[in-house]
Amino acid sequence: MPNSTEIAKEAIEEFDRIQDYMMSCEDKNSVLYQKMRRRYMTLKAILTTSGVNLSEIDYIKE
């Protein structure tokens, strides 16, 4: 069973990855972008409630 540090690490890595994908998407109105944005917002909420400081790792800032 993963501990809280491992869970936070995985969430941070996924948060970084989804931001890369979002920045690569040319059409911000596409269905794909909107799905990525929804996942981005979910991860952002999870990390924030877990006490992770997003100021250094959130470069989209939506």
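Visitor: Where is D58 found?

Guide: D58 is found in the segment after α2. Please keep in mind that this is a predicted model.

Visitor: Why is D58 called buried?

Guide: Its relative accessible area is 4%, and buried means under 20%, so D58 counts as buried.

Visitor: What is D58 in contact with, leaving aside its neighbours within four places in sequence?

Guide: D58 is in contact with F15, Q19, Y40 and K44. The side chain of D58 makes a polar contact with that of Y40 at 2.8 Å, and it also reaches the backbone nitrogen of I60 at 3.4 Å.

Visitor: What makes the pair of K44 and D58 a salt bridge?

Guide: The closest N and O atoms of K44 and D58 are 2.9 Å apart. The cut-off is 4 Å between a side-chain nitrogen of Lys or Arg and a carboxyl oxygen of Asp or Glu, so the pair qualifies as a salt bridge. It links distant parts of the chain, with K44 in helix α2 and D58 in the segment after α2, 14 residues apart. K44 is buried, as is D58.

Visitor: How many salt bridges does the structure hold?

Guide: There are four salt bridges. Another one of them joins the side chains of R39 and E14, at 2.7 Å from N to O. That pair also links distant parts of the chain: R39 belongs to helix α2 and E14 to helix α1, 25 residues apart.

Visitor: Why are R39 and E14 called partly exposed?

Guide: Partly exposed is what lies between buried, under 20%, and exposed, over 50%. R39 has a relative accessible area of 32%, and E14 has 25%, so both of them count as partly exposed.

Visitor: What makes E13 and K9 a salt bridge, and where do they lie?

Guide: The closest N and O atoms of E13 and K9 are 2.6 Å apart, which is within the 4 Å cut-off. Both residues lie in helix α1, four residues apart, about one turn of the helix. E13 is partly exposed at 37% relative accessible area, and K9 is partly exposed at 48%.

Visitor: How do you know that the length of helix α1 agrees with what a helix should span?

Guide: Helix α1 covers residues 4-24, which makes 21 residues. At 1.5 Å a residue they should span 30 Å, and the end C-alpha atoms are 30 Å apart, so the two values agree.

Visitor: Which residues of α1 are buried, and how do you know that they share a side?

Guide: In α1, A11, F15, I18, Q19 and M22 are buried. They cover an arc of only 105° around the axis, which puts them on the same side of α1. On the other side of α1, T5, E10 and S24 are exposed. What covers the buried residues includes α2 (31-49).

Visitor: What makes N3 a cap for α1?

Guide: A side-chain oxygen of N3 lies 3.0 Å from the backbone nitrogen of T5. The cut-off for a polar contact is 3.5 Å, so the pair falls within it, and N3 caps the N-terminal end of α1.

Visitor: How do you know that the span of α2 agrees too?

Guide: The 19 residues of α2 should span 27 Å at 1.5 Å a residue, and the end C-alpha atoms are 27 Å apart, so this agrees.

Visitor: Which residues of α2 are buried, and why are they said to line one face?

Guide: Y33, M36, Y40, L43, K44 and L47 are buried in α2. Seen down the axis, the buried residues of α2 fall within an arc of 105°, so they line one face of the helix. The face turned away from that buried side carries the exposed residues V31, R38 and T49. What covers the buried residues of α2 includes α1.

Visitor: What does the secondary structure of the protein come to?

Guide: It comes to two helices and zero strands. Buried residues make up 26% of the 62 residues in the protein.

Notes. Residues are numbered from 1 along each chain as its sequence is written. This is a predicted model: local features need pLDDT of at least 70, side-chain atom pairs count only at pLDDT 80 or more; totals for chains, interfaces and linings use all residues. Side-chain values use heavy atoms; hydrogens and water are left out. The expected span of a helix is 1.5 Å times one less than its number of residues. Buried means under 20% relative accessible area, exposed over 50%, partly exposed in between (1.4 Å probe, protein chains only). The arc is that of the directions from the helix axis to the C-beta atoms. Contact means heavy atoms within 4.5 Å. A polar contact is a pair of N or O atoms within 3.5 Å; within protein, one must be able to donate a hydrogen and the other to accept it, and residues adjacent in sequence count only if both atoms are side-chain atoms.
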